[in-house]
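Visitor: Could you take me through some charged side-chain contacts? I'd like to go slowly.
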Amino acid sequence: MKRILKGKLVFLLLGALFLFGCTSEKKHTSETGDSQKYTCPMHPQIIKDAPGSCPVCGMDLVPVHDGGGHSQAEDSLSALVKPTNAHVLSTVKTVRPEPGSRTADISLKGVINYNTNNWNSVSARVSGRIERLYIRYNYEMVSKGQKIMEIYSPDLVNAQQELLFLKNNAEPVLLEAAKRKLRFLGASEGQISQVLRTGKVDYTIPVYSSYSGYVAEPQLNTGQAGAPAGADGGNQISSGTGSSMGTMGSSASSANIPSVPEISSGQALQLREGQYVSAGQKLFNLINVNQVWAEFYARPEQLQEFKRGTMVDVTALDIPAQRSRVAVSLIQPYYNEGSNYSLVRAVVPNSRKDWKIGQLITVSRQSSVNGNWLPRTAVIQLGTRYVAFIKRGQAFVPVYIKVNKISGDWVDIGDSLDAGQEAAANAWFLVDSESFIKAERL
């Protein structure tokens, strides 16, 4: 009896163990089959129940465990232990360099300046004393033919007396010579005729302006500007995000804008009534602003876009609707403190006086540029050098590239990469804020 009971117990234990093993196997199959989990290689904290893409970076999700129950991170450990500044593993989108042409909007900052070709000087024709002065301030408007002063000159008095003496003594040949002498001293035909008609000597002779313009005394600074503080050449790409790269050759620094002569509209003239002047002495300048200069600095590599005769658009910074399309008239090279730069100038019509001296402007033009192009987001600036991540196998390796031009959202890299090489479309995705990139040279 005991033997029978012992056999039944053994049979029951074997049955229980068999049932428990089947249940465990079914449970394991359910966990590894129907409840498979997926995660992002770059963001392991994200776990999904179904395959798809990462909501953060857009990468394809991978299974958390393979068929043997091991983590993929354990299988790829040999790749992840490589130096972080040499290889970056990812499956981000790649691009190839695209040869062709791009339309570039070239924009530089400048200023409206005086056209010194329209500066006329008023000088004393004779020595004498200023009896009356009819202009008082710098930047006062003077019209052609306007009386500007009355002057007493012993030379003019003597010349008039000589003219009357020759007239009274009927010396026609010498009389004409006396008239020419008065003309050389600045007397007009009307003044000479009046002396001959009245027979009286004018001890003060009025002086009339031969030009129209604004008064400016010669001792004021009218020199050209020095070297711009930022004229160090090279294209600029922001070291922030790819979307903040600068446009082709743009420069917004006020230090890169030519200076303007300072003429205060309220400053009184140093010329005074009762002051003696000598023959040939410059009294003041008359500035005509019917034409002005649009001036801006350009780096050597930008000069090919601003050759003489090239049409450019001049737009006022404060009034975008105020613009003129004019041609480049002068390129003046400079070299200062190790920097090469050029002052580029265009003549702007200003008969309506819309353009003001010292007004800040933007000078721009469109240009079709040929090159080998990558998206701006595929290029990172490291100081004065540029880096792109090229794909080698399943890894991206940073390499130095050359940036020739920047046109909109595209960067011309020349022959830095082969046509078949793939580069990461978004290089900033492969770099965090604390990374140190050790790039290779191709």
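Visitor: Is Glu176 buried, exposed or partly exposed?
Guide: Glu176 is partly exposed, at 35% relative accessible area. Buried means under 20%, exposed over 50%, and partly exposed in between, using a 1.4 Å probe and protein chains only. This is a predicted model, where local features need pLDDT of at least 70, side-chain atom pairs count only at pLDDT 80 or more, and totals for chains, interfaces and linings use all residues. Residues are numbered from 1 along each chain as its sequence is written, and side-chain values use heavy atoms, with hydrogens and water left out.

Visitor: What does the side chain of Glu176 meet in a salt bridge?
Guide: The side chain of Lys179, with N to O at 3.6 Å. A salt bridge is a side-chain nitrogen of Lys or Arg within 4 Å of a carboxyl oxygen of Asp or Glu.

Visitor: Where are Lys179 and Glu176?
Guide: Both are in helix α5 (residues 172–184), three residues apart, so about one helical turn separates them. Helices are DSSP runs of H or I with at least four residues, strands are runs of E with at least two, and both are numbered from the N terminus. Lys179 is buried, at 17%.

Visitor: New topic. Which residue forms a salt bridge with Glu295?
Guide: Arg345, with the closest N and O atoms 2.9 Å apart. Glu295 lies in strand β15 and Arg345 in strand β18, so the pair ties together parts 50 residues apart in sequence.

Visitor: Is Glu295 buried or exposed?
Guide: Glu295 is buried, at 0%. Arg345 is buried as well, at 7%.

Visitor: How many salt bridges are in the whole structure?
Guide: The search finds 13.
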